[in-house]
Amino acid sequence: MNANDYLQLALYLVALLLLAKPLGDYMALVFADAPNRVTRLGARVERGIYRACGIAADEDMGWKRYALAMLCFNMLGLLAVYALQRLQPWLPLNPQHMAAVSPDSAVNTAISFATNTNWQGYGGESTMSYLTQMLGLGVQNFLSAATGIAILMAVIRGFVRHSAKGLGNFWVDLVRSTLYVLLPLSLLLSIVLVSQGVVQNLRPFAEVPVVQASSYTEAVKDEAGKPRMAAAGHEVTHAVPVATQTLPMGPAASQIAIKQLGTNGGGFFNVNSAHPYENPTPLSDFLEVLAILLIPAGLCLTFGRMVGDRRQGWALLAAMLVIFVPLLLACTAAEQAGNPALHGLAVDQHASALQAGGNMEGKEVRFGIVGSARWAVATSAASNGSVNSMHDSYTPLGGLVPMWLIQLGEVIFGGVGSGLYGMLAFAVVAVFIAGLMVGRTPEYLGKKIEAYEMKMASLTVLLPCVLVVIGTAIAVMAPAGVAGVANPGAHGFSEVLYALSSASNNNGSAFAGLSANTPFWNVLLGVCMFLARFPLAIAMLALAGSLAAKRHVPATAGTLPTHTPLFVTLLACVVVVVGALTFLPALALGPIADYLGSMR
Amino acid sequence: MAKLLRQSLLMLLLLTAATGVAYPLLVTGLAQGLFPAQANGSLVLEHGGAVGSRLIGQSFTDPRYFWGRPSATSPMPYNAAASGGSNLGPNNPALVAAVRQRIAALRAADPGNTAPVPVDLVTASGSGLDPQISPAAAQYQVARVARLRGLSPAAVQALVRAHTAGRTWGVLGEPRVDVLELNLALDHLSTR
Amino acid sequence: MNYRDTASMTTHSRVVRGFSRALLLAAVADAFRKLAPRQQFRNPVMFVVYVCSVLTTLLWVQALAGHGEAPTGFIFAVSLWLWFTLLFANFAEAIAEGRGKAQAAALRSSRKDVVAKKLANPSRDAFITYVPSSELRTGNHVLVDAGELIPGDGEVVEGAASVDESAITGESAPVIRESGGDRSAVTGGTRVLSDWLVVRITSNPGESFLDRMIAMVEGAARRRTPNEIALTIMLAKFTLIFLLACATLLPYSIYSVQAAGSGQPITLTVLTALLVCLIPTTIGALLSAIGIAGMDRMIRANVIATSGRAVEAAGDVDVLLLDKTGTITLGNRQADAFHPAPGVDERALAEAAQLASLADETPEGRSIVVLAKERFGLREHDLERLHAQFVPFSAQTRMSGVDMGGQRIRKGAVDAIERYLVAAGGHLPAALKRAADDIARRGATPLMVVDGHAPLGVIELKDVIKGGIKERFAEMRAMGIKTIMITGDNPLTAAAIAAEAGVDDFLAEATPEAKLKLIRDIQAENRLVAMCGDGTNDAPALAQADVAVAMNTGTQAAKEAGNMVDLDSNPTKLIEVVEIGKQMLITRGALTTFSIANDIAKYFAIIPAAFATTYPALNALNVMHLATARSAILSAVIFNALIIVVLIPLALKGVAYRALGAGALLRRNLLVYGLGGVAVPFVGIKLIDMLLVLLRLA
């Protein structure tokens, strides 16, 4: 790694922290109970929405009611995405005449977008009509993110309130997330992205002549679509001339902005933000990767403000950074070191003034190593899952980093809302262990952590782990699962493990060699995505409900302070240890064997 | 429950209208008004027609042209209608074989050149549509292109330099050379 | 550390100390008895070990039949050590229970069914029927004569007697029990030595203090405490995830063997070994022993808690209410100085004071005599020879003194003397009153001396703060516990003593109502309050406090209201109770951390051993350079079993407790048990591996 690499990484972190603070403060106002200068701005629009929907905005919902409203709304959204995909040939805004999506793929995609996972079993530009992209996927990009923020707000209120029944109003939290946070930021980002070259139109794909005509060979097919065989036993082929190139179009910028900001990650095009129309310049790349962590980082500080002790928010953010920064450096270094398999060949992998060098398979020249690794780490730390390079082609250690970050439970920034409430579950576990070690019934932010809280927190922490290990076992045992594996040896196992980790933690990125658009994979991953999102959210709401009902215990010198470097270290250790202990055996058979094998 | 269902449905409709209709249309309107060229694909226009996009690479296999990144799209390289990477694992023998083959092809096109090949010239890009190569990869090809086109290396060198972009603000991204535009410029130079 | 000495001054003949041979043997036998599945099922972590032990035994039997998945000896060794793991866990619990059982047996011997003299009505002369003590019910009255055992817990309603309570308290000196006042409670099983008592029975059979105590030390009444339940939930969840992570390794391994085209899938024996090593067996095995040992430490401190919950709550206490007298100060004040009235010689004052105190046998009186002798060499006079008439203290006059010749010397509280002077037509000089106020402000007590109507001066009586108590309070403060002194003194005196003793706050001129209100106020801020008390009028406050230690010498009402009884009746015990509560939690937390931190080394031992046939490169993870795959696995399993035995003393003794702030305490324990937990198994497993090689078992 050279000086510019460090500079680019440092610039990223500085920009993130500089922007997170004002955003965090702003969001604390947005979700404050009392009306203020921010919420007064849109009060009229809000009131109109509530009235139109017949909603009493002042209803203070208990956790069960909150959870029910959340579930009902999300299930309807899920159905809507499914219906749009199945009906798209008969609906408008389909200039490329995309066919109806297969039922299993449609279910998978509907769950994927409703759960903020945005795993893509399909290729955007070859599957989805503009209408499906806008009304289905684009809308869920907003609403799944808004749902995550809403749940987080309910959880925070669980800590803030005492001797209370209610956790706030789901509809208000949902509308405010969308109206005050996601829409304005997306609008701003999408316009900047367009200026960089991200397409935004409703035109059909453009056909342009190519500068150098060429041809490719293709198997000749018979009427049944089967390759015709020659007498010698090999396929009959013919040359297909290529004189034109089909340029995809569509309302991409508007969707890319929210998919980055809402930690969704579902790309407009198949290769996501590696696509030049989705991420054309280093500047667009910087802004998009910044957008991945912006809201999750800001929410930490919102949390601090709302619980009345900013240090608590900074502590959580610090715990995230303590894990994030070393892994960022590790991944960058591993990729920059290049692929040992190419060492014997006449390939120059060294970084110089003229080239980024390193392991460039699956990466774009404009991003180089540092831009690619930075994105890979950010997108897997947050449950974003968008990519600007192909993780499958990363070096074993470079690929281990994003995989493991996902396996940590998507709490290092994590999804908007969901990441922080996941981290709070870890904090509860950490506080519990630490509390015992200082000889008091553990408390976090003045709330006693007892059996019920432990039950819900450990459920939240461990459910994704369970889904990953069981899902992976099912996949490697089933012929239909193994059939999708692209790479041989340990790396093939990594592909399966990554897919299940991604789905079971609502990330959405992939070791994309895996052919997962099959009924088996669509169903398996669909189930994992669903279970990782909603049961977890309900467990956290239950936890919040229990906390809200508790009394507030004042802090003394005997109370464990939860804003100190010591606690930050402990919290980071708990996250890392749970992740390491659960996944070390599996990782040993995947990336670790892959790495050690490549060293020999 | 029925009440909740109705509330949910109405809320979904309203928010869909806001985020799925109003928002993308507003962005489209603004984009078309403010940055029409970019919003419509950054097309390279020549003689009144588009000959490609500045942002989307094209396949160049003729040794008289600068070659771009290897592309793993199917069925043909640089198929912009179906972007994709190779997704070959780092230890996959198929990757090593592909790299060997690309080195061989480059060497065949330029037999005298025994320098190690810059890595981006023998590894497939993530999108399969990467419009750029590293300056090192361009340098590697300058002699060949100049020779085959009967141009002076200095003239080609100057052209490469003109189509090289540095890091944004000196920091962001990597230095890179636009292959399509460079090749178009080469054609202009040759025909003049 | 002074207070510790006072706390342990009594001889605990009843308490079983150390581990006798018999105790150890009994524990070993118990360890096997506890292998019953029903016993094991209660502890999720150890139940998994149980199932694993059975499974490997079956695998061994299969291997004996010639279809083994691994060498018979290896499976046998793994299986054997898994059973040892279980036995060690059982042993830990048994040894913790063993001490309690021995104590219970001793107690039970005093619970003999005796014949009680049941009275028709509460009077010594009432009609007597002879009934077995087991038939006595609350509200019955019984007569107990000298030499008889008191048949049940109760309240003395008539009579006074000396009672031998050594069966309960271990204190051999007899105590006085009498009707009325704060010494009216008697305990079943104690013996009346002299005189007689009429006792109103206050407990039904099976609910008596002795019954509760037996149940407590036996662990029969031991229910899991709230924190223990929460911890068990966490451990169960960890066990579940490790169970799944290990179970799914089999398919992963089969897939990897196919993908790599080499090696063998992981065997069930190795998987089982891995699982047992990973699940938190160390804390799982010792968890219940820690709880029992915590209760045991309470008992050894001569405190009987009504529940483990109360012990745990003691660790959470935020505020300690401490009675001044006996806790902060020695029970008695001592004369410190003579302040003569204007125009009076100090020596004359000393002489008068000495005379007035000669017959006063209270410690305060004695100290005045001693001070006069020290200051002016005044010899003690013989009252008889002086023909002096001693006037004892009375509640009406609140004065005492001596009449001798023309002298009528009186001493008493300032207001009492002032009233006496005014009634006699005199008055208290302003200078003297100021001197008295000054004394009070210094935290001392002024005692006015007059002769007839002539004020002579003031004696300054000082409270004597117990040695080392200030340091104890500083420790409490560091632990985040606020101390509040409760005293009947006026605010001036209270403030001065509070400052000298280093308590955080005080409640002066305390009445039972004020005390109760203070507790309620503190609790309204959601803080936990601990207090101790003995009198009947303490009962409401004791009932209200979160941790309430009743003195064993106290009334039945106080003992009923509290959730702990201090058999030594030592108010300073409260501090010890808090520490024991904290220590119990810390021990659990430390061993949990240790247990989980251990897993890292175990992974480095087992993963290369399990998968190196498939991916030989994984041998690079064998950082300990363990000899063979089998010795690596066996070493990890053996370490996992032995560490339980090694930690049994720690579990029973509790982690060394230091009075530190939460942050410092956590840092220290994380370093010792977290980092230590990471490092120790690397060394331990390596040593065991070397030993196996040496013994040619590898």
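Visitor: Is C:T614 buried or exposed in this model?

Guide: This is a predicted model, and in it C:T614 is buried because its relative accessible area is 3%, where anything under 20% counts as buried. The residue sits in the loop between α25 and α26 (629-653) of chain C, and, once residues up to four places away in sequence are set aside, C:T614 touches C:S256, C:V257, C:A260, C:S262, C:G263 and C:Q264.

Visitor: Which residues does B:G57 contact, leaving aside its neighbours within four places in sequence?

Guide: With those neighbours left aside, B:G57 is in contact with A:Q245 from another chain letter and, in its own chain, with B:Y78, B:L129, B:D130 and B:P131. B:G57 belongs to the loop between β2 (49-53) and α3 (93-109) of chain B, and it is classed as buried because its relative accessible area is 5%. Sequence distance and spatial distance can be read side by side here, for B:G57 and B:G128 are 71 residues apart in sequence while their C-alpha atoms are 8.2 Å apart in space.

Visitor: Where in chain B is the residue B:P75 found?

Guide: B:P75 is in the loop between β2 and α3 of chain B, and the peptide bond that joins B:S74 to B:P75 is cis, with omega at about 0 degrees.

Visitor: How should I read a positive phi, and what is the phi of B:W169?

Guide: Take the backbone angle together with the setting of the residue. B:W169, although not a glycine, has a positive phi of about 55 degrees; it lies in the loop between β5 (164-165) and β6 (176-178) of chain B, and it is exposed, with a relative accessible area of 65%. A second case is C:D195, again a residue other than glycine, whose phi is positive and near 60 degrees. C:D195 lies in strand β8 (residues 191-201) of chain C, and it counts as partly exposed because its relative accessibility is 47%, between the limits of 20% and 50%.

Visitor: How is the size of an interface expressed, and how much area do chain C and chain A bury between them?

Guide: The size of an interface is often given as the accessible area lost when the parts come together. Chain C and chain A bury about 5,100 Å² between them, with 75% of it on carbon and sulfur atoms. Of the area that chain C buries against chain A, 15% is supplied by C:Y252, C:Y255 and C:N526, which is more than any other three residues give. The contact takes 60 residues from chain C and 61 residues from chain A.

Visitor: How many salt bridges does the rule find across the interface of chain C and chain A?

Guide: The rule finds one salt bridge across that interface, and the side chains of C:D318 and A:R440 meet in a salt bridge at 3.1 Å, N to O. Among the elements that give two or more residues to the side of chain C that touches chain A are α8 (226-247), α9 (249-260) and α27 (662-694) of chain C, and the largest share, 12 residues, comes from α8(C). By class, this side of chain C has 37 nonpolar, 13 polar and 10 charged residues.

Visitor: How is chain A divided into domains?

Guide: Chain A is divided into domain 1 (18-202 + 254-306) and domain 2 (206-247), and the C-alpha centres of these two domains of chain A lie 42 Å apart.

Technical notes
Residues are numbered from 1 along each chain as its sequence is written. Chains are lettered from A and ligands numbered from 1 in the order in which they are written. This is a predicted model: local features need pLDDT of at least 70, side-chain atom pairs count only at pLDDT 80 or more; totals for chains, interfaces and linings use all residues. Side-chain values use heavy atoms; hydrogens and water are left out. Domain bounds come from an automatic or database domain assignment. Contact means heavy atoms within 4.5 Å. Buried area is the accessible area (1.4 Å probe) that two parts lose on being put together, summed over both. A salt bridge is a side-chain nitrogen of Lys or Arg within 4 Å of a carboxyl oxygen of Asp or Glu. Helices (H or I, at least four residues) and strands (E, at least two) are DSSP runs, numbered from the N terminus. Ala, Val, Leu, Ile, Met, Phe, Trp, Tyr, Cys and Pro count as nonpolar, Asp, Glu, Lys and Arg as charged, and the others, Gly among them, as polar. Buried means under 20% relative accessible area, exposed over 50%, partly exposed in between (1.4 Å probe, protein chains only).
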